[in-house]
Amino acid sequence: MILQDFASPRLFVDHPLAAESKVPLSPSQSHYLASVLRRKVGAPVLVFNGRDGEWRAEVAAQNRGAGVLRVIEQARRQTPPCDLHLLFAPLKHARLDYVVQKAVEMGVGSIRPVMTQRTQAARVNLARMRANVVEAAEQCGILALPPVDTPAPLALALKNLDAGRLLIFCDEAAPSGDPVAMLAQAFTKSTGGPASLAVLVGPEGGFTQDERLALLQRGNLVRLRLGPRILRADTAAVAALAVAQSVLGDWRFER
Ligand code: SAH
């Protein structure tokens with residue numbers, strides 16, 4: 001369980017963390033601490049870098065736009081990310097921000113945009129996606145940041161998916177059925193702990209029939225229908241991740 005210290009702001013820093021190390025803050029982090037939160041020298045802060053766990057630190061200096069932290073002691077050891085990939089057709093602007101933030105909160109360990117025939121976002125702003133990962137990670141208490149892959153065509157993404165990874169293909173055209181039971185059934189073939197999973201969600205226009213047929217050729221796949229309504233792609237991603245985490249992932253097998 002996470003016993004988060006809500007009195008301390010929690011910041012991601014791309015800097016090695018060890019007792020007594022000095023960590024320079026970015027101008028925006030310095031501004032946030034000093035001007036938005038009004039934290040003075042000596043104020044407690046939690047920091048993590050995705051590698052060395054989480055550390056208690058304090059504000060050591062606050063020169064305009066160039067704050068420095070002093071690291072004190074480790075609060076939590078590093079934990080690995082969930083073995084859960086999210087493959088999704090990138091959406092436009094706010095919906096893409098939403099999917100990335102919610103994926104992080106839901107415990108996705110790898111964010112993998114795939115280009116499908118009906119994908120609408122022609123260009124994907126990876127820097128913005130990574131900034132959304134950091135923001136969500138700071139907020140939700142995780143220690144390992146999911147990497148954001150460069151977008152891959154669907155066929156290539158499928159080819160590169162390890163055969164042992166259960167692919168949860170979200171398909172509104174799948175026959176109706178109990179999604180929990182379908183995933184639990186797939187689980188009886190797996191090893192007993194959290195499974196290696198990938199959730200795949202299509203673009204707003206859905207998958208084409210060709211894409212659907214190609215997907216259904218794959219072994220180790222569950223074709224999942226998320227209820228009787230068509231969900232928007234961003235809603236479908238969160239709904240599918242909730243089912244996956246509760247039946248096969250770390251909602252059930254908490255580490
Ligand atoms: N082709 C549809 C909409 C696609 S919705 C149409 O325009 O009518 C976008 C994506 O969300 C789909 O590709 C699918 O992956 C997922 N999705 C939406 N509703 C779903 C449902 N009820 N069950 C499973 N997946 C769903």
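This is a predicted model: local features need pLDDT of at least 70, side-chain atom pairs count only at pLDDT 80 or more; totals for chains, interfaces and linings use all residues.
A polar contact is a pair of N or O atoms within 3.5 Å.

For Leu 231, the distance from a polar backbone atom to a nitrogen atom of the ligand is 2.9 Å. Around the ligand there are 19 residues, and those that come nearest are Cys 170, Glu 172, Leu 226, Arg 229 and Leu 231.

The chain as a whole is divided into two domains, with domain 1 covering residues 10–76 and domain 2 covering residues 84–252. Taken over C-alpha atoms, the centres of domain 1 and domain 2 are 33 Å apart. Where the two meet, nine residues of domain 1 are in contact with eight residues of domain 2.

The size of an interface is often given as the accessible area lost when the parts come together. Between domain 1 and domain 2 the buried area is about 670 Å², and carbon and sulfur atoms give 61% of that. On the side of domain 1, the residues that lose the most area to domain 2 are Arg 10, Phe 12 and Phe 48, which together make up 64% of what that side buries. Strand 1 (residues 10–12) supplies the largest share of the side of domain 1 that touches domain 2, namely three residues. By type, the residues on this side of domain 1 divide into three nonpolar, three polar and three charged.

What polar links join the domains? Six residue pairs are in polar contact between domain 1 and domain 2, counting pairs with both residues at pLDDT 80 or more. The count of salt bridges between domain 1 and domain 2 is zero.

Side chains of opposite charge can pair when their charged atoms come close. In the model the count comes to 16 salt bridges. One of them joins the side chains of Arg 165 and Asp 83, at 2.8 Å from N to O. Arg 165 lies in the loop between helix 4 (154–160) and strand 9 (166–170), and Asp 83 in the loop between strand 5 (66–76) and strand 6 (84–88), so this pair ties together parts that are 82 residues apart in sequence.

Two points of backbone geometry remain. Glu 20 is not a glycine, yet its phi is positive, about 75°; Glu 20 is found in the loop between strand 1 and strand 2 (22–24). His 93, also not a glycine, has a positive phi of about 35°, and His 93 is found in helix 2 (residues 93–105).

Key. Residues are numbered from 1 along each chain as its sequence is written. Side-chain values use heavy atoms; hydrogens and water are left out. Domain bounds come from an automatic or database domain assignment. Contact means heavy atoms within 4.5 Å. Buried area is the accessible area (1.4 Å probe) that two parts lose on being put together, summed over both. A salt bridge is a side-chain nitrogen of Lys or Arg within 4 Å of a carboxyl oxygen of Asp or Glu. A polar contact is a pair of N or O atoms within 3.5 Å; within protein, one must be able to donate a hydrogen and the other to accept it, and residues adjacent in sequence count only if both atoms are side-chain atoms. Helices (H or I, at least four residues) and strands (E, at least two) are DSSP runs, numbered from the N terminus. Ala, Val, Leu, Ile, Met, Phe, Trp, Tyr, Cys and Pro count as nonpolar, Asp, Glu, Lys and Arg as charged, and the others, Gly among them, as polar. A residue is near a molecule or strand if one of its heavy atoms lies within 4 Å of it.
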